[in-house]
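Visitor: I've got the model open and I'd like to know what stands behind the labels. Could you walk me through it?

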Amino acid sequence: MYTLTPHSLSTAPDAFRLRRRSRPCRAAIATRPSTTSPHHTDDTPMKPTNVAIDDPTSLRSTWSQKAWVASGFVSILTPLAKSAVAAADSGSVFEPLLAAYAGYVLADLASGVFHWAVDNYGGPSTPVFGSQIEAFQGHHRWPWTITRREFANNLHPLARAVIFSVLPIEALLDVTEAGAAAHAFVGTCAGCVMLSQQFHAWAHEKARRVPRAVAALQAAGVLVSRQMHGAHHRPPYNINYCIVSGAWNGVLDEYKVFEAMEMILFFRFAVRPRSWSEPRPEWREEEEEEAEEAAAL
Amino acid sequence: MACTSLPKHPLTLLRAPINKSSPPSPPAFPSLSNASHSQFFGIKLSASSLPNPSHSPKRSMLVFAKVSEGNVPPSFTLKDQDGKNVSLSKFKGKPVVLYFYPADETPGCTKQACAFRDSYEKFKKAGAEVVGISGDDPSSHKAFAKKYRLPFTLLSDDGNKVRKQWGVPSDLFGTLPGRQTYVIDKNGVVRLVYNNQFQPEKHVDETLKLLQTL
């Protein structure tokens, strides 16, 4: 039969009840590291700071960030080059192209799952992902800040993730002498994942400032559009998580896939996702003009 | 036995059809083959939820039979949101819409409770009472009812005993308590069993539809 309801959990049931009813789960941005356990809602007291206003130099790309992104491109282009060579040798392009398309499709799904996880669980003190979780929460409050970040500044965390994922996979593919399709899949998937943050930024950019080719791709549904992603930026931020093409959003939301996963996690581990509660007033989205006026005061 | 016809179009395979049980089942007694079926998005998941009868301890009540249409369900006494004991027999003489839901303050359950609240007048007009049941304790129900201004009774099924006794199936391979609603007529006989985990508002439509025919 199904597992226990949250109230039957033997570990600190009273504390759980108190946590459940005391206040809605809220995002937290720490100005100093929190010592809270990463498995529970991070209630680190927060003082949200908008770096775009308070520290604009932090939006510029540093040399190390540029180096990471450059290395990221190398790790993406290498499998693509291998794939092109192998395809030329074998004379068959259909399989690698199909594999590349599959990589692009999977990247969209992966972006949604990652986005859902960091939007809903953990906090600034979560190992490995803490800073990303913090950044995503800040992004909900000041979504326009992403458009002010320079390219490498925006992409470098994903570049790191891609490098450390692609290197072992490519090593394995080389050892097993995998064909063009495998390399095409890896290169495209990793490439779309790394560039997803740029696609994300374009989805926040004002229409007139987006390059025409990008606008065309957004209109065609190849890249996530401003309208599609805008639907995510409404409390309680529980839909349209995918940010490569957004193609998976319809299916995932219609069949309540994320809600099902949230319910399972709730009944298994007694953890409520942030999207089950309305954001607190100090976390409501602030318009660009609003933030600048507030800073001027 | 729950029966369902799976629609032919692949996309609609995932839609939850109405779960209607077949005509009255035999009197309740322990049975190895009594498996619980869950209509999760129209895909039937069967999970045997019974203990092995050869290991069963002496029980004062029969817990193995699933409540289906045509049955008279076993009575129970549970605490409501004010801590008062409420028996199912209290509602005899009028139809009851008894809905089992996973937990307070979860999105689906909130939608469902609010849907019942918004249609409460229609239920009253049909002479029916609405009662929600979950494993949460009375204080959780009280807070939930207060927050969403729920005008009906919420009962605390401590340890999910009644849920198990009535054979409410679980979803997603046992990880989620199922969302199943029973409409019991004024004579205490179950007339509809409706299961739908992820379209909670449909429970209101289906039960109202049935009530119009009573």
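Visitor: What makes β5(B) and β6(B) a pair?

Guide: Pairing takes at least two bridges between the strands. Three bridges join β5(B) to β6(B), and the two run antiparallel, so they count as paired. In their hairpin, four residues sit between the strands, and Gly83(B) there takes a positive phi near 85°.

Visitor: How do you know that β5(B) and β9(B) pair as well?

Guide: Same test. Strand β5 (residues 77-80) of chain B and strand β9 (residues 153-156) of chain B share two bridges in the antiparallel sense; the cut-off is at least two, so this pair passes. Here Asp80(B) stands opposite Leu155(B) in β9(B).

Visitor: Where do those strands sit in the whole sheet, and why are β6 and β11 of chain B called edge strands?

Guide: The order is β6-β5-β9-β8-β7-β10-β11 (chain B), an open sheet of seven strands with mixed pairing. β6 (85-87) and β11 (190-195) of chain B each pair on one side only, which is what makes them the edges. On average, neighbouring strands in this sheet are turned by 30° against each other, direction ignored.

Visitor: What packs on the sheet?

Guide: Helix α1 (residues 107-118) of chain B does, touching β7 (96-100), β8 (129-134) and β10 (180-184) of chain B, and its direction makes about 165° with that of β7(B). Helix α3 (residues 138-147) of chain B packs on the sheet too: it touches β5, β8 and β9 of chain B, at about 155° to the direction of β9(B).

Visitor: And how much of chain B counts as buried?

Guide: Of its 214 residues, 54% do. Chain B still exposes about 9,900 Å², with carbon and sulfur atoms supplying 58% of that.

Visitor: Over to chain A. Why is Ala203(A) called buried?

Guide: Its relative accessibility is 3%, and buried means under 20%, so Ala203(A) qualifies. This residue lies in helix α7 (residues 180-204) of chain A. Beyond four places in sequence, Ala203(A) is in contact with Gln218(A), Val224(A), Ser225(A), Arg226(A) and His229(A). Take Arg226(A): 23 residues away in sequence, yet 4.3 Å away in space, C-alpha to C-alpha.

Visitor: How do you know that α11(A) has the span expected of a helix?

Guide: Helix α11 (residues 257-269) of chain A has 13 residues and reaches 18 Å from first C-alpha to last, close to the 18 Å expected at 1.5 Å a residue. Its buried residues include Phe258(A), Met263(A), Phe266(A) and Phe267(A).

Visitor: Which stretch of chain A has pLDDT below 50?

Guide: The mean pLDDT of chain A is 83, and 79% of its residues reach 70 or more. Residues 1-40 of chain A, though, are below 50, even if the model gives this stretch 90 contacts beyond near neighbours in sequence. Where pLDDT is low, predicted coordinates should not be read in detail.

Note on methods: Residues numbered from 1 in each chain as written. Chains lettered and ligands numbered in written order. Predicted model: local features only at pLDDT ≥ 70, side-chain atom pairs only at ≥ 80, totals over all residues. Heavy atoms only, no water. Axes fitted to C-alpha atoms, helices over the stretch in contact; angles between N-to-C directions. Contact = heavy atoms within 4.5 Å. Buried < 20%, exposed > 50% of the residue type's maximum accessible area, 1.4 Å probe, protein only. Areas by Shrake-Rupley, 256 points an atom, 1.4 Å probe, with all protein chains shown as cover. pLDDT = per-residue confidence, 0-100. Expected span 1.5 Å × (residues − 1).
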